[in-house]
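Please read this briefing alongside the sequence and the model shown here.

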Amino acid sequence: MTSDSASSRKALSKIASNRLQKELVEWQVNPPAGFKHIPTDNLKRWVIEVNGAPGTLYAGEMYQLQVDFPEHYPMEAPQVIFVPPAPLHPHIYSNGHICLDILYDSWSPAMTVSSICISILSMLSSSPAKQRPADNDRYVKNCKNGRSPKETRWWFHDDKV
Amino acid sequence: MNSEMEVGSKKFTDKNRCRELAMSSSFCRRIYTEVEEVGWEHLVKLGEDLTFIRFRIMDNTRRTHILEITLDKSYPRSPPSVSADVPYISHLEWSSSSKLRDVVQQFQKHVDKLQDFWLTLDDIDRSFWVIDPKHSHHAVSYRQIKIGHDCCIVLSVNVDDPRSLPECRFLGSDTEVNILRDIWKQNCKKWTREKSCPENLLHIFGNQLPQPSHLQKNEEQVECGICYAQYLPTDDELGAKSGTATDYSCENGNCNRAFHSVCLCDWLFSITTTRQSFDVLFGNCPYCSDPVAVKLSMKK
């Protein structure tokens, strides 16, 4: 599992923990279909169960997402990774890192954990084939010592999946 | 007029025009007389060729109605067509001796019959938080009432029998809607004509229905779109801004999201596309992407 990057080792700011509490309440009232929040005492790290959507390549499969929030959430995106074993997908690396623009450059505070989850599920559902990204081995080797995906310079080139 | 008539003798066309003029002058005389009978004080608009008339009618509870009458050139042989802001128009009884006054009288009778219906809707508007229609029209027979966090009831009141059990639909998340639907199914038998509609609803849902928005603070509208709180926390970093309410909202009329300028500035500072000129930050609303310009707030 990845270690935390320097910024995320700090405690949540008051603004961040207020907002996360509200997101959690909203999640409990209205959870996104196909997801289950595993309750913990830790507001700073959410673990979420994902169920592959019926009728897709991942139907019947279950994965776990780990969401770590930075001190100044929502000014910064949360770090979202699949807890290995990660689903086989052209945009998901074997160490759980996800190539999805909204987790990095395209993040906005108008998004929520719930909306991220829906995007990830839709990314899974639209996959044409169960395979790793072409550069998987090279990338994973470079990420040794638990580097955060947020430190990667992502190159978003494929709008189709 | 068809072309054969036009190529016919001049005499014929003249005769024809005379007849037309005579007819239209008798038509005009007739309309003016009939409007007079209704009373000029009721007249709001009279079309140039007198075929369109708009009256303002007050019913016996001093509710005003606009009655629009369109006349055919063959009036009064053919009955006028009538439209008004009411749920439905009753069939117009028309004979060769009928006049505009009869139209108005029949309309007045019709709106008097609808009094109970409008009183029921007024009762609902006074008692609950109605979110749709925003401005009530006399013709609308439904009310969308806010109930709970993100749940609504849509009540359709029976126009002819407003004291009967209204038709009820629920909008919102499945879990909440199912609970409400069950309550409704179980308790709707308790509905009674002896009680007003709000009393009946309170009886069914047990005092859960929020009051009209002007009677309560509408907190949802003023939560910051970034930190989700109405008031900033008390924090050393926030200094003088501690505990303050939202103070900026997106100028796009369809968005209108409220923000703390502190939160919006923090966000705009964290992305590279933001531009600064003196103490104003230029960027985009995180919700609608329309341009925003926020004055940098002094935190201390």
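The points below go from the fold of one chain to an annotated residue and then to the interface.

This is a predicted model, in which local features need pLDDT of at least 70 and side-chain atom pairs count only at pLDDT 80 or more, while totals for chains, interfaces and linings use all residues. Residues are numbered from 1 along each chain as its sequence is written, and chains are lettered from A and ligands numbered from 1 in the order in which they are written.

**Fold of chain A**
- Chain A has three helices and four strands (DSSP runs numbered from the N terminus, H or I of at least four residues for helices and E of at least two for strands), and from the N terminus their order is α-β-β-β-β-α-α.
- Among the contacts in chain A with a separation of 6 or more, 56% join residues 24 or more positions apart, a contact being two C-beta atoms, placed from the backbone, within 7 Å.
- Chain A has 161 residues, of which 27% count as buried, that is, with 20 or more other C-beta atoms within 10 Å of their own.

**Cys99(A)**
- The UniProt annotation "active site", from an unreviewed entry, covers Cys99(A); such annotations may be inferred rather than shown by experiment.
- Cys99(A) lies in the loop between β4 (79-83) and α2 (113-125) of chain A, and it counts as buried because it has 22 C-beta neighbours inside 10 Å.
- Apart from neighbours within four places in sequence, Cys99(A) is in contact with His91(A), Pro133(A) and Trp154(A).

**Interface**
- Contacts between the chains involve 13 residues of chain A and 14 residues of chain B.
- The side of chain A that touches chain B comprises six nonpolar, three polar and four charged residues, where Ala, Val, Leu, Ile, Met, Phe, Trp, Tyr, Cys and Pro count as nonpolar, Asp, Glu, Lys and Arg as charged, and the others, Gly among them, as polar.

Key. A residue is buried if 20 or more other C-beta atoms lie within 10 Å of its own, exposed if 12 or fewer, and partly exposed in between; C-beta atoms are placed from the backbone.
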